[in-house]
Amino acid sequence: MTASSVVSVSAFKHTQHIEQHGCGSVLKRIDLVPESYFSSSRNVLNLYFVKVSWGWTIVLLLPFILYSNSYNKSHRFVLRRLTSLLVATLIWYTCTEIFFYIEDVTGSCYESDNMQVIHGDITTKAACRKAGFIWDGFDISGHSFILTYSSLVIVEEMVPMLHITDVSRNAPLDCLYIALNAIVVIWIWMFGCTSVYFHDIIDKILGTSCGILGWYLTYVVWYPFVFSPGLPPQQKQHA
């Protein structure tokens with residue numbers, strides 16, 4: 001790459017960076033929402049919950065599905081339903097890897113926020129960060145995706161609790177149900193914080209859309225069919 005090409009690319013990326021961030025979190029930029037504890041990515045909910053959100057989802061949903069789907073059901077049905085977590089994990093992994101790939105192929109490595117010095121020999125975000133530089137690429141919001149997708153999956157899987165009688169419920173199941181509701185509340189709160197404080201508008205729209213699409217293609221389109229993990233037990237199934 002020639003010196004003039006480097007300058008041109010750098011100038012283009014600098015302009016693109018300004019345009020993208022200029023239409024980002026509008027409420028924050030016009031001071032309708034002040035800086036707060038949650039405007040920092042170092043807040044405790046982000047570090048210990050959102051950053052490992054899929055781990056929380058699996059740890060709580062696996063025993064919950066096992067308990068809630070076993071009511072008047074065969075072991076084969078329960079095992080079939082547990083495969084929904086495998087499908088969900090595959091969707092989560094695939095989407096996040098695609099997001100990382102897009103950010104790598106559309107980004108460039110810079111020495112500082114002014115976006116003036118480009119390092120063309122560094123081609124990935126990980127390598128750029130490791131070198132102490134700043135990576136600027138098309139960053140689809142993984143937070144918006146996972147918080148949306150996890151919330152929708154959890155809400156779908158909690159449906160059996162509406163139909164299981166008090167006599168058939170037990171302490172472990174009730175504790176898991178309470179924990180899952182608490183997690184959903186945290187996800188909704190952190191989704192709001194992400195919407196206000198982080199990412200550009202298009203990044204959040206795409207991330208949220210991917211989460212909704214992942215839920216829709218499975219629970220609405222695929223799972224009602226026989227050859228699928230199936231839907232959680234409905235009221236008529238408990239009769």
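How are H5 and H9 oriented to each other, roughly parallel or roughly antiparallel? In this predicted model, the axes of helix H5 (residues 75–106) and helix H9 (residues 201–222) cross at roughly 150 degrees and come within 11 Å. Angles over 145 degrees count as roughly antiparallel, and H5 and H9 are therefore roughly antiparallel to each other. The crossing in which H5 passes H9 is right-handed. On the H5 side, the contact involves Arg 81, Ser 84, Val 87, Ile 91 and Phe 99, which meet Cys 210, Gly 214, Thr 218, Tyr 219 and Trp 222 in H9. Six of the residues in this contact of H5 with H9 are nonpolar, three are polar and one is charged.

Helix H5 also packs against helix H7 (residues 142–157), with axes that come within 11 Å and cross at roughly 170 degrees. H5 and H7 are therefore roughly antiparallel to each other. From H5, Arg 81, Ser 84, Ala 88, Ile 91, Trp 92, Cys 95, Thr 96 and Phe 99 meet Gly 142, Phe 145, Ile 146, Tyr 149 and Glu 157 in H7. The residues of this contact comprise eight nonpolar, three polar and two charged.

The loop between strand E2 (134–136) and H7 contains Ser 141. With a relative accessible area of 0%, Ser 141 is buried, because residues under 20% count as buried. Apart from neighbours within four places in sequence, the contacts of Ser 141 are Phe 99, Thr 194, His 199, Asp 203, Lys 204 and Gly 207. Among them, Phe 99 is one of the H5 residues that meet H9 and one of those that meet H7.

Technical notes. Residues are numbered from 1 along each chain as its sequence is written. This is a predicted model: local features need pLDDT of at least 70, side-chain atom pairs count only at pLDDT 80 or more; totals for chains, interfaces and linings use all residues. Side-chain values use heavy atoms; hydrogens and water are left out. Axes are lines fitted to C-alpha atoms, for helices over the stretch in contact, and angles run from 0 to 180 degrees between N-to-C directions. Helices (H or I, at least four residues) and strands (E, at least two) are DSSP runs, numbered from the N terminus. Angles under 35 degrees count as roughly parallel, over 145 as roughly antiparallel, 65 to 115 as roughly perpendicular and the rest as oblique. A crossing is left-handed if the near helix is turned anticlockwise from the far one by less than a right angle, and right-handed if clockwise. Contact means heavy atoms within 4.5 Å. Ala, Val, Leu, Ile, Met, Phe, Trp, Tyr, Cys and Pro count as nonpolar, Asp, Glu, Lys and Arg as charged, and the others, Gly among them, as polar. Buried means under 20% relative accessible area, exposed over 50%, partly exposed in between (1.4 Å probe, protein chains only).
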